[in-house]
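Hi,

Here is the structure I promised to pass on.

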Amino acid sequence: MGELELRHLRYFVTIAEEQSLTRAAARLHIAQPPLSAQLRKLEAELGTTLVQRTARGAQLTEPGRVLLEEARRILHEVDQAARMTREVGSGLVGRLALGFIPSASNAVLPPILRQFKAEYPDVTLHLQELRPNEIVDRLHDRRIDAGLFYLPFEDPALHVRSVAEESLVLAVPATHRLARRERVELAEVAEEPFILPARHGNMPGLYAIVVEACERAGFSPRVVQRDVWLMQTIVGLVAGGMGVSVVPDSVRRLQRAGAAFLPLSDVTEQAQTAIAWRGGAAQPVLRSFLDIVTTRDPRAD
């Protein structure tokens, strides 16, 4: 229906509810003669009488009672459609596909998700645990809307922003000679076998940070296991006595038996988790998500 016809229905419903053209006109903030004219026009279009004028006021005819039920349903659906359209446009409802590396769920992701679901309960989240290069590929293919992974990373087609940073710690077997120390220097394990996180294609990520920290400490790591991309697997290998590793501080939360985590006094490098999304105008739901993610203190959690 067009705007004029919807207005006719609203006028008619008000007349039916008030059972008086005078009261209906007052409620609609229009004069009674124009309201009567609009009612006559609606009756002419439908070819039937909808309202009988009696001493008791405006009484619905049988066709009028049928129209009242349908008019209320139509107007409700129109109002609901308008409300949903406004909510989608403002990012209050919709769908968001988010890719993330598994270690993001150790500390960075949970508080973001809690806040987002509290503020936007009607947004459907589709979460996908992915490798960093898969996140980038799916961003380019428009299969996800945003992704979380470790820096460094550059791509001119994507917006990338750091959202959290955390210290690096040394993971050693619980039986290791340094396991009971409060703090250590990375150089103290220069001769130890090392387990390195994976490097994914052109995404150096955490691998580059760990190698840089070792080089700044004066050695190149003696790698016994490389390309392990899951933090829990790295910690499991450390617990099994395969070697030592440098991991983000949040990995402590895995609480793996057989592994100990030691602060590093000579390491300034930090693991930075970033969010990436496609360039250009972001859809409203993504804007709402980015508002939460990018306004948080990167040092939080």
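F289 is buried, at 0% relative accessible area, where buried means under 20%, exposed over 50% and partly exposed in between (1.4 Å probe, protein chains only). Before going on, a note on the basis: this is a predicted model, in which local features need pLDDT of at least 70 and side-chain atom pairs count only at pLDDT 80 or more, while totals for chains, interfaces and linings use all residues. Residues are numbered from 1 along each chain as its sequence is written, and side-chain values use heavy atoms, leaving out hydrogens and water.

There are 4 aromatic pairs, counted when ring centres of Phe, Tyr or Trp (its six-membered ring) lie within 6.5 Å; planes under 30 degrees apart are stacked, over 60 edge-to-face, and the rest tilted. One of them joins F116 and F289 edge-to-face, with 5.2 Å between centres and 80° between planes. Those two sit 173 residues apart, F116 in helix α5 (residues 109-119) and F289 in helix α9 (residues 284-294); helices are DSSP runs of H or I, at least four residues, and strands are E runs of at least two, numbered from the N terminus. F116 is also buried, with 0% relative accessibility. Ring pairs bring F116, Y120 and F289 into one cluster.

Cheers
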